[in-house]
Amino acid sequence: MADPSTVLVLLGPPGAGKGTQGARLSESANMRHISTGDLFRSAVEANTQAGLRAESYLRSGQLVPDEVVLHVLEEYLVKTEACDICFDGFPRTRRQAERFDELLERIGLCLSMVLYISVPDDVALNRLASRGRDDDSRDTARYRLGLYHSVTEPLIDYYEETEVLVRIDGVAEEHVVFDRITSLASEKGFRWTR
Ligand code: AMP
């Protein structure tokens, strides 16, 4: 894998604004924004083997099995040039988080910061309803939010233990949330590279 010096994770429910903030981080802090959801959507479009395995999970809003996620991600990372990276939508399960730690350790890196963007369920559901992606229909959105609470939210405790977690209130305009991210990150002593 490439040798990024900074590794960030954006954690939060669907509709929290992880994709939006990841794009901002990639623009203004020159980070590579890696969304596993985007990787899977591209794989489905390109009809790759991973895409074929992932398609029904994406459509129904279920989580793609950990082994498939980890395989796709590792395959992508080995092709990636050295850079700072911001992960969006990964890790999503305890198993993914543990394997991610192992992977980072293997390549001599540690997680710089986990940005937990919180929004209440009603805000998340309203945002998903206005986004209109295939897997944003009311029932699927509700299902994905439920999965987030049961499977992904426990990662907050996981990362709180290692003191890399930063909480951000995600209920505000995009640029306000971004300012919150950068100022909280600075308080933590985090320096953006440009
Ligand atoms: P997202 O774009 O992050 O909302 O992800 C869209 C869909 O891709 C999810 O509903 C899952 O089916 C799949 N997906 C993305 N990232 C992961 C992950 N880390 N683990 C399992 N499934 C994922």
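Modeller: Ala50 counts as buried because its relative accessibility is 18%, where buried means under 20% relative accessible area, exposed means over 50% and partly exposed lies in between, with a 1.4 Å probe and protein chains only. This is a predicted model, in which local features need pLDDT of at least 70 and side-chain atom pairs count only at pLDDT 80 or more, while totals for chains, interfaces and linings use all residues. Residues are numbered from 1 along each chain as its sequence is written, and side-chain values use heavy atoms, with hydrogens and water left out.

Ala50 has its place in helix 3; helices (H or I, at least four residues) and strands (E, at least two) are DSSP runs numbered from the N terminus. Between Ala50 and His71 there are 21 residues of separation in sequence, and their C-alpha atoms are 8.7 Å apart in space.

A nonpolar core is a set of buried Ala, Val, Leu, Ile, Met, Phe, Trp, Tyr and Cys residues joined through side-chain atoms within 4.5 Å. The largest one has 35 residues, of which Phe40, Phe87, Phe100, Leu111, Val114 and Tyr159 touch the most other members. Leaving aside residues up to four places away in sequence, Phe40 touches Ala54, Leu58, Val64, Val68, Val69 and Val72, a contact being heavy atoms within 4.5 Å. Apart from this core lies another, of 23 residues, including Leu8, Leu125, Ala141 and Leu145. In soluble globular proteins, nonpolar side chains tend to be buried together.

Five strands in the order 2-3-1-4-5 form an open sheet with parallel pairing, and two strands pair if DSSP finds at least two bridges between them. Strand 2 (32-35) and strand 5 (165-169) stand at the edges with a single partner strand each, so one side of each has no neighbour in the sheet. Ignoring direction, neighbouring strands are turned by 20° against each other on average. Strand 1 is joined to strand 3 by four bridges, with Val7 opposite Ile85 in strand 3, and four bridges also join strand 1 to strand 4, where Val9 stands opposite Val114. Strand 4 is mostly covered, since five of its six residues are buried, and over five bridges strand 4 pairs with strand 5 in the parallel sense.

Thr140 counts as buried because its relative accessibility is 13%. The side chains of Thr140 and Ser137 are joined by a polar contact of 3.0 Å, meaning a pair of N or O atoms within 3.5 Å, where within protein one must be able to donate a hydrogen and the other to accept it, and residues adjacent in sequence count only if both atoms are side-chain atoms.

Methods. Axes fitted to C-alpha atoms, helices over the stretch in contact; angles between N-to-C directions.
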